Amino acid sequence: MMALLLALAAADPPKTPTSIDGLPLGGLPPQSLPARGCAAYLFSTGKTRALVAVAGAEPGSLRLSMGGRTIDLARSNQAGSAGYGFALTTDYAAEQMSARLDLEIQTRRDLTQGAIVDRGTLRVDRPGEDSIILPLAGLIGCATQTS
């Protein structure tokens, strides 16, 4: 048993995909919980399963990997309330790129300081390029509250 655990510990961690299902969107490496507020950790639901986006409720940002580069987009607009500091629909923009994130959030009694993202959709628009629309699912994790 101990040999198996040592072999697993010595194994290389899984590689982060540079392309999700042939799209210019890639996977993100593991991300930390936010220092304050909540973050949505969103995974692709197609053939390639990877962490594709992290949305922060504070200060309102979206992190993606596009063309092998990690890009942070700032929130530009939002509509509706989904909970945990997130809107039903949120728009982000930066670097000649815009993104729209639609989330359906479900709270559960067995989760503390977070929730499930039952369904989500990410749309990425870049000038002169085809739009990318990717279905997502994931979890919301929130910073520990201290009193």
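**The disulfide and its surroundings**

With sulfur atoms required to be within 2.5 Å, the count here is one disulfide. Keep in mind that this is a predicted model.

Which cysteines form the disulfide? Cys38 and Cys142, with their sulfur atoms 2.0 Å apart. Now place them. Cys38 sits in strand β2, residues 38-44, and Cys142 in strand β9, residues 132-142, so the pair ties together parts that are 104 residues apart in sequence.

Next, handedness. The torsion about the S-S bond of Cys38 and Cys142 is about 100 degrees, so this disulfide is right-handed.

Are the two cysteines buried or exposed? The cut-off for buried is under 20% relative accessible area. Cys38 has a relative accessibility of 10%, so Cys38 counts as buried. Cys142 comes out at 9%, so Cys142 is buried too.

Now the whole chain. What does the protein chain have in the way of helices and strands? One helix and nine strands. Along the sequence the pattern runs α-β-β-β-β-β-β-β-β-β.

Burial next. The protein chain has 147 residues, and buried residues make up 37% of them.

Then contacts. Take those between residues at least 6 apart in sequence: 44% of them join residues at least 24 apart.

Last, the surface. The accessible surface of the protein chain is about 8,700 Å². Carbon and sulfur atoms account for 53% of that surface.

To recap: one disulfide, between Cys38 and Cys142, with strands β2 and β9 as its two ends.

Key
Residues are numbered from 1 along each chain as its sequence is written. This is a predicted model: local features need pLDDT of at least 70, side-chain atom pairs count only at pLDDT 80 or more; totals for chains, interfaces and linings use all residues. Side-chain values use heavy atoms; hydrogens and water are left out. Helices (H or I, at least four residues) and strands (E, at least two) are DSSP runs, numbered from the N terminus. Buried means under 20% relative accessible area, exposed over 50%, partly exposed in between (1.4 Å probe, protein chains only). Contact means heavy atoms within 4.5 Å. Accessible areas come from the Shrake-Rupley method with a 1.4 Å probe; for residues, only the protein chains shown count as cover.
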